[in-house]
Amino acid sequence: MRSAELALGRTFGVTFDHGEDFFAALAEFCTANDVRQGIIPSFIAGFAEAKIVGTCGKMENPEAPLWDSVYLTNAEVLGAGTVAFNPADNTISPHIHVAVGLKERSAVGHTSHLLEAKVMFLTEMTFVEVLSPDMRRRRNPDLYDVPLLTFGAS
């Protein structure tokens, strides 16, 4: 277990527009507002299409991370996540999870890690900037090289 007291900065209301790439719009928001890291307590969205982590096949090692994805369309979405900063290339490193309901399939749901998405009509988000400590994603070679959130020098 790791923890750190977070010094919070500004709180933003953010909307993405129809047709935008979700992650590109998130990066654009961060650049435009000089935000490097933060918390997304929640967002609601419509996605014309999305890729989330998942499979319909047998997993050879259910304890290992899954690198496959499923493709979903015409979805209503509730999500949350964190945004860390990668100083090596001056980019953000988001980690977003979503609950997705497929409108034309009786709103049947899927929940997983978001890999890609194209906004349909809207995304409405609350974003809370974290001033300190530094939030980074460091790969853990003992856990399949998964990038894990760390705080400060940890």
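Before placing any residue, I note that strands here are DSSP runs of E covering at least two residues, numbered from the N terminus. I also note that this is a predicted model.

**Entry 1, a position in β5.** With that settled, I looked up E129 and found its place in strand β5. Leaving aside residues up to four places away in sequence, I listed the contacts of E129 as A7, L8, G9, R10, D34, V35, Q37 and G38.

How many salt bridges does a search of the whole structure find? The search returns 4, and I followed up some of them.

One of these joins the side chains of E129 and R10, at 2.9 Å from N to O. Since E129 lies in strand β5 and R10 in strand β1 (residues 7–17), the pair ties together parts that are 119 residues apart in sequence. Whereas E129 is buried, R10 is partly exposed, with a relative accessible area of 38%.

I next turned to E76 and K103, which form a salt bridge whose closest N and O atoms are 3.4 Å apart. This pair links distant parts of the chain, with E76 in strand β3 and K103 in the loop between β4 and β5, 27 residues apart. Both partners came out as partly exposed, E76 at 43% relative accessibility and K103 at 35%.

I also noted the salt bridge between R136 and D134, where the closest N and O atoms are 3.5 Å apart. Here R136 counts as buried at 14% relative accessibility, while D134 counts as partly exposed at 39%.

I looked up V77, which lies in strand β3 and is buried, with a relative accessible area of 6%. Which residues does V77 touch, not counting those up to four places away in sequence? I recorded F43, I44, A45, F47, V98, A99 and V100. As a check on distance, I took V77 and L148, which are 71 residues apart in sequence and 24 Å apart in space, C-alpha to C-alpha.

I put the volume of the largest pocket at about 650 Å³. Its lining holds 22 residues, and W67, H95, H113, V146 and P147 are the ones nearest the centre. Which strand supplies the largest share of this lining? That is β4, with 5 residues, although β3 (69–86), β4 (91–102), β5 (108–132), β6 (135–140) and β7 (146–151) each supply at least two. Sorted by class, I have 11 nonpolar, 8 polar and 3 charged residues in the lining.

For the second largest pocket I noted a volume of about 170 Å³. The residues lining this pocket are A27, C30, T31, D34, V35, R36, F85, N90, T91 and I92. By class I recorded 5 nonpolar, 3 polar and 2 charged residues. Reading back, I see that D34 and V35, which are among the residues lining this pocket, are also among the residues that E129 touches.

Conventions. Residues numbered from 1 in each chain as written. Predicted model: local features only at pLDDT ≥ 70, side-chain atom pairs only at ≥ 80, totals over all residues. Heavy atoms only, no water. 1 Å grid on protein atoms, 1.4 Å probe; cavity = no way out; pocket = protein on both sides within 12 Å on 5 of 7 lines; lining within 4 Å. Points joined across faces, edges and corners; volume = space filled by probe spheres on them. Helix = DSSP H or I, 4+ residues; strand = E, 2+ residues; numbered from the N terminus. Nonpolar A, V, L, I, M, F, W, Y, C, P; charged D, E, K, R; others polar. Buried < 20%, exposed > 50% of the residue type's maximum accessible area, 1.4 Å probe, protein only. Contact = heavy atoms within 4.5 Å.
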